[in-house]
Amino acid sequence: MIQKKICMLGGFAVGKTSLVRRFVTNVFSEHYQTTIGVTVEKKTVMVDQQDVMLMLWDLYGEDEFQHIRESYLRGSSGYILVMDGTRKATLDTARLLQQTVVRTVGPIPFVSIINKSDLQSEWEIDQPAIEQLREQGWPVFFGSAKLGQGVEELFGCLATMLLSPASPPRTCL
Amino acid sequence: MSSDPHSSRRDARSSDGVTSVDEDWTQLRTLLLAPERTQLDELRERLDNRSVEPRDISRVLPEAFAMRGPGDQQMSTVLTPYVENGFTSTVRKSPQVIVDAIAPIMGPAIRQAITRALQSMTEALNHSLDESLSVRGLQWRLEAWRTGRPFAEVVLLHRLRYRVDQVFLIHRDTGLSLHHVAAEGVVVQDEHVLSGMLTAIQEYVRDSFGASQSQALNQFQVGEWTVWIEQGSRAYLAGVIRGNPPASLREKLRDVLDRIHAEQADALASFDGDAAPFQTLQPLLEDCLQAHYEAPPRSALKLWILGGAVLLVCFWWGWTAYQAHARWTHFLAQLKVEPGILVTSANPTWGGYHLEGLRDPIAKDPLSVMSEAGIDPSTVTAQWSPFYALDPQLIMRRAQVMLKPPSTVQFRVDGEILVATGSASTEWVKETRRLALLVPGITQYRDEALIQVVVSDLLNQVNRTVIHFAPGSTRIEPLDRPRLSALADVLRNLDQAVAPSGERVRLAISGSADDTGPAALNVELSRQRAEAVLAVLGGAHLGPSTTVTTGVGGGLDNRGASTQYPAQRIVTFQASIESVHHDSEPSRP
């Protein structure tokens, strides 16, 4: 079976762990727990009738006090940038993280998700900003770890991109 | 400039028209471009005819596969269903082909698996047996019961010096698991997640301490587990070890990792998430699953000593039992031949024996027979019923007890007849004739050969005897010695003759001397002569009923004295019968 290392990246408390937990165990907890260092989870998905084991490195959230350890990124086949729709600053963090990844491991496949769509009325990230991301080639998803929206699609799309990096599916763009 | 060769041809063409020039050009083109034209025609034909010839594909197919290569998963994805269907079809139609193909691989693998399972089972059984009866074994059994684990497993864990529980081969950059093996019975968590976390931990530690890439976390310890990590250029090996591993184990891990890097260099370099090529490393990694246990606390020597002691005890017990049985058998055989004892039952009991039978009261005491046979009488209970046995020995013994014959009388039993010989006093003879037939087993008594002795005659024989001495001598003359011997017999007969009546014989031996010499010396000489005679008679104890005294006599009377010798150098005897109750009044013969 093919294994792929995927890093979950994003600002502080954007919902990386919740997305992983929703994806792996289909469980969501309202109780927030800060990730210390890194947590590794796995989930097997099927892409084009082929099983792919995604090793999900859930890294601690990037903030002004602690920055991502670049050594964790090494060997990644892809990554997911997670943003919190209710905090525009997390979009900037995602940009910085994306640049860090490119600088560290190169232009590997990635997808992004703006989380907390269940709180869409409180969103600070507006449509122009999103369009700008898409213009830069970012596959942008909307989802909610709490409601389970967009989670399967997010990981499925990245898995597909990992297996056929030359021709990403249209649904991801 | 006028030398241009084409100028005349241009002129000719202008006179003949365009046709001749064109022909020349055509001819020239044909000469120059004929091969290319043929190729162009073939290419045109191929373009016009788009159908692909199998022959063409067969030429390029291997190369095409090679070019798509291992990095392209699409090829595998496309071909997988066809390969699977073909394989399934082959298995259904010609299973023997598949069997023949995989038998060389599966046979050794199955044998190895069975051997390992048997070894493991034997080892567990041996450990269980070793510890099943010791105090420590009981504690471990309690622990097994408490924890719900098999006893053999608990024993193994306590005996464990070290055991490599799991070995991970992990891709260094990605942290993905390339292969993983675990010892039998080890609970394995998700090896993929563990591989990732192991890698993350190493990165964390390295970053935290600002270490370079060449510096790595090589070991850490969690409870009873130690994790040893051997770093390689592309992959690293992590061994999860329980106990205290020796340094040689790390060398083993290092060797295996080097070998993996040598054998799988291409696969490691091009690793893109597919760990299938590393499945072949299974035997190599399993070789790292080493285990070492403590030797059983009981050494072989102790076992031998214990076994020897047990054998010795068994031998001693067997030998003792055999001897006891032999003694008992011998004792019963002795009882069987013993007159007057008849054993009716003899049974062993808990710690001893029980006897029942018949016993003549005058027969030998069974306890003495027991002692002679070496049997402790306290271990035997006996119940004897009395009876009269008619064995000749017992009849004789019974006659002796009841008739109390003097020593001068001998009994003989002929069937039921008691025969008495020898000599005895008249009183005893009379009394015996009355009592003899009362002895059980005796129906007839015969004493024709028994000589009756009269006491007065015996007294006269004694009192008439005189022993003479040479002047000044106390030596018994040789001629007198037979006389003294005969006198001793007479005295013994006398003693036995008076014994049944309860009377006693008093014998006074008196020595005398002649008148020559000092009187005191003569007195002493007389006394010594009396004692010399007494010594020749056998001493003062002539019989239980005889009392002997020695003394100095007053001189010779005329009794039996020879006139040829001085009458004073003699020893005389004075025997008398006296009643026990009236010893002060001796009776005269």
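Colleague: What percentage of the 589 residues in chain B do buried residues make up?

Modeller: A residue is buried under 20% relative accessible area, exposed over 50% and partly exposed in between, using a 1.4 Å probe and protein chains only. Of the 589 residues in chain B, the buried ones make up 32%.

Colleague: Good to know. What kind of model is this?

Modeller: Residues are numbered from 1 along each chain as its sequence is written, while chains are lettered from A and ligands numbered from 1 in the order in which they are written. Side-chain values use heavy atoms, with hydrogens and water left out; local features need pLDDT of at least 70, side-chain atom pairs count only at pLDDT 80 or more, and totals for chains, interfaces and linings use all residues, the model being predicted.

Colleague: How many helices and strands are there in chain B?

Modeller: Both are DSSP runs numbered from the N terminus: helices are H or I with at least four residues, strands are E with at least two. For chain B the tally is 18 helices and 17 strands.

Colleague: How much area do chain B and chain A bury between them?

Modeller: The size of an interface is often given as the accessible area lost when the parts come together. Here that buried area uses a 1.4 Å probe and is summed over both parts. Carbon and sulfur atoms carry 53% of it, and the total is about 2000 Å².

Colleague: Which residues of chain B lose the most area to chain A?

Modeller: Together they account for 23% of what the chain B side buries, and they are D173(B), L176(B) and H192(B).

The wider contact, meaning heavy atoms within 4.5 Å, takes 24 residues from chain B and 20 from chain A.

Colleague: How many salt bridges are there between chain B and chain A?

Modeller: A salt bridge here is a side-chain nitrogen of Lys or Arg within 4 Å of a carboxyl oxygen of Asp or Glu. One of them joins K42(A) and D190(B), at 2.6 Å from N to O. Another joins R74(A) and D173(B), whose closest N and O atoms are 3.9 Å apart. Between chain B and chain A, the count is five.

Colleague: Which helix gives the most to the side of chain B that touches chain A?

Modeller: Two elements give two or more residues to that side, helix 4 (73-93) and helix 8 (191-208) of chain B. With eleven residues, the one that gives the most is helix 8.

Colleague: Is D173(B) buried or partly exposed?

Modeller: D173(B) belongs to a network of salt bridges with R74(A), E203(B) and R206(B). Its relative accessibility is 37%, so D173(B) counts as partly exposed.

Colleague: Now helix 9. What separates D258(B) and R254(B)?

Modeller: Their side chains meet in a salt bridge at 2.9 Å, N to O. Because they sit four residues apart in helix 9 of chain B, the separation is about one helical turn.

Colleague: Last one: is H261(B) buried or exposed?

Modeller: H261(B) also lies in helix 9, residues 247-263 of chain B. Leaving aside neighbours within four places in sequence, H261(B) is in contact with G232(B), S233(B), R234(B), A235(B) and L268(B). The relative accessibility of H261(B) is 16%, so this residue counts as buried.

Definitions and conventions: Buried area is the accessible area (1.4 Å probe) that two parts lose on being put together, summed over both.
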